[in-house]
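Here is a friendly set of questions and answers on a two-chain model. Have the sequence and the 3D view ready as you read.

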Amino acid sequence: MGNVIIICEHKNGELVKQGLSAVKAGIDVAKGTGGKSCILVMGSGMDSVKESASHYGTDMVLLVDDPALAGYTAEAYTIAAHEAIKSMQASLVLSTTSAFSKELLPRLAVRLKAGMVSDVLSISTDGGKASGFSRAMWAGSMVSDVSVDGEVIIATVRGTAFEHAPRVDTASEVKQVSVTINTQALRAKQLEVLEHKSTRPQLADAGIIVSGGRGLKGPDGFKIIEKLADLLGAAVGASRAAVDAGWVPNDLQVGQTGKIVAPGLYIAVGISGAIQHVAGMKDSKTIVAINKDPDAPIFQIADYGLVADFAKAVPELVEEIKKVK
Amino acid sequence: MKILVTIKRVSDPEAKLKIRPDGTGIQTEGVKFVVNPFDEIAVEEALRIKEKHTGEVVVVSIGDKVVTEQIRAALAMGVDRGIFVNYTGSYDSYDVAGILAKVVEQEQPDIIILGKQAVDDDMGQAGFMLAEMLGYPQAAFASKVEISDDKKTAKVTREIDGGLETKEVGLPCIITADLRLNTPRYASLPNIMKAKQKPVKEVTVDALGAVVKPHVTIKKLTEPPKRKGGVKVESVQDLVGKLKNEAKVL
């Protein structure tokens, strides 16, 4: 009947939205096992994060606020997370799958001598503990049911597989934990973060995504689909081919090894539909494919397929949607 | 400089896979196996670092005898020698990191490069577990690596959510390779011939002193329900009509 710790990322003083999937998953597991749910947030200058984290319905919030955590490194955050968790009788440590959690939780697993499962789709509980997990393998062509031995289990959860925990009025109890971190000894330093600035929604949060692939033939092709995205208030995504070619920034890549998304509407333009791309978007509610090759595999999974040249079809689509909106 | 690269034998990402009758793995008969694509990028990066700073590149792979095919493939790219850890039991990422930690103790490399994930199980844990076991810093999801002139630090550009980060790590360190780090070279015919003569040392888990005790066990594999294709629409007007009236997403 151990407790569930949910490690949350934060940005601009608030919890990152996709992290709320793990919060929901964690609260549900704690209900199933009789343990307590607890958000862990770490950083430097954390007053508003503390406020944000305490309103998602967990039993507790653990807060580590230390100048040594000002610039993120997995090395320092591992130590902080371990210090915060070790007195908590945790049986499960969760976080939503992200660049942050993917490199942090395996280090933490070693500190806790715990087994880890990545990017889980579901968690079952039995006998007061998390007993089973399901997850995708081989680019989503198989789903595996796995068990994990040990007193503590570490898991990242796929953001699209769990609802977000809603914000609540009542505030959770906050416990501050102090840590001692010798940053010199870590031999690791964050030098710079270059954010890809965009006024469009993030892929992880978007209700509609317009994605482009090799068929767009270059950055100018993306300008055409961006007009459609802006009309729909959509995020822009890309296939690996388009990112590798340098037409769009790397963090727009949708697929097995990029971002995994499941919006209400996914419009794939000039994307052939390689298994690695499909693995990242096949759980979208409605899929539209626009491709001039009638045999492109993307049509096998699209709800609506249009065989057409995007350079003509997408501007037409923009005009037609304007008429009906 | 000595650079250690880990490589995993994985089923060809394009291969159609079938579940084994016992339900806990895939049928391997008739399936083509390759070096995990991210590990090929790791090998390429190691070779480039060696070409610039001189030194030695060593690859290690764990599994049964067949993984020596993938070791030879790396040797044919230009890697100097291989280590084959002969182990046929089941293991998880934690165990892999534990085995690799023992190899690192013996080899004492300056840099260890791994692929950011294996495309078969997509766990993506072993590199970071290894870093923590060794007490080394890590540069995850690297898209650019620069080694300092004094060979004491590496400046690494990393692909993170929403952009790029640059991180400085002291050597020895762990780097995991992302897609944009480089484009791996093809092995030339002379290098394929030369690779046959290069040394591959076989070791056992016991001889390394590693303990394998998996935490994570696959109980059952299933094929998820296939998404059914829908209809082809004739025109943009037709599409908009269906999106508005049928799917109700506009």
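Q: How many of the 6 residues of S16(A) are buried?
A: This is a predicted model, in which local features need pLDDT of at least 70, side-chain atom pairs count only at pLDDT 80 or more, and totals for chains, interfaces and linings use all residues. Residues are numbered from 1 along each chain as its sequence is written, while chains are lettered from A and ligands numbered from 1 in the order in which they are written. A residue is buried if 20 or more other C-beta atoms lie within 10 Å of its own, exposed if 12 or fewer and partly exposed in between, with C-beta atoms placed from the backbone; strands (E, at least two residues) and helices (H or I, at least four) are DSSP runs numbered from the N terminus. S16(A) is largely enclosed by the rest of the structure, because the number of its residues that are buried is 6 of the 6.

Q: Which residues of S16(A) point the other way from A:Thr286, A:Val288 and A:Ile290?
A: In a regular strand the side chains alternate between the two faces of the sheet. In S16(A), both sets are buried. Opposite to A:Thr286, A:Val288 and A:Ile290 point A:Ile287, A:Ala289 and A:Asn291.

Q: In S17(A), which residue is the bridge partner of A:Ala289?
A: Two strands pair if DSSP finds at least two bridges between them. S16(A) is joined to strand S15 (residues 265–269) of chain A by 5 bridges and to S17(A) by 4 bridges, and both pairs run parallel. In S17(A), the bridge partner of A:Ala289 is A:Gly305.

Q: Which strands stand at the edges of the open sheet of 6 strands?
A: The order is S14(A)-S13(A)-S15(A)-S16(A)-S17(A)-S13(B), with parallel pairing. The twist averages 25° from one strand to the next; such angles run from 0 to 180 degrees between N-to-C directions, with axes fitted to C-alpha atoms, for helices over the stretch in contact. Each edge strand has a single partner strand, so one side of each is left without a neighbour in the sheet; these are strand S14 (235–238) of chain A and S13 of chain B.

Q: At about what angle to S13(A) does helix H6 of chain A run?
A: Strand S13 (residues 208–212) of chain A is joined to S15(A) by 5 bridges and runs parallel to it, with A:Gly212 partnered by A:Val269. Helix H6 (residues 219–232) lies across S13, S14 and S15 of chain A. The angle between H6(A) and S13(A) is about 175°.

Q: Why are the buried residues of helix H7 of chain B on the same side, and what arc do they cover?
A: In H7(B) (residues 236–245), the buried residues are B:Val236, B:Leu239, B:Val240, B:Lys242 and B:Leu243. What covers them includes strand S16 (286–291), strand S17 (304–307) and helix H9 (310–324) of chain A, together with strand S13 (231–233) of chain B. The arc is taken from the directions from the helix axis to the C-beta atoms. They are on the same side of H7(B) because they cover an arc of only 165°.

Q: How many residues does the contact take from chain A and from chain B?
A: Two residues are in contact if their C-beta atoms, placed from the backbone, lie within 7 Å. The side of chain A that touches chain B has 31 nonpolar, 19 polar and 20 charged residues; Ala, Val, Leu, Ile, Met, Phe, Trp, Tyr, Cys and Pro count as nonpolar, Asp, Glu, Lys and Arg as charged, and the others, Gly among them, as polar. The contact takes 70 residues from chain A and 62 residues from chain B.

Q: In S12(B), which residue is the bridge partner of A:Val143?
A: An open sheet of 10 strands with mixed pairing runs S11(A)-S5(A)-S4(A)-S1(A)-S6(A)-S10(A)-S7(A)-S8(A)-S9(A)-S12(B). Strand S9 (residues 142–148) of chain A and S12(B) pair in the antiparallel sense over 6 bridges. In S12(B), A:Val143 has as its bridge partner B:Thr222.

Q: Is B:Ser148 buried or partly exposed?
A: B:Ser148 is found in the loop between strand S7 (138–147) and strand S8 (153–160) of chain B. Because 13 other C-beta atoms are within 10 Å, B:Ser148 is partly exposed.
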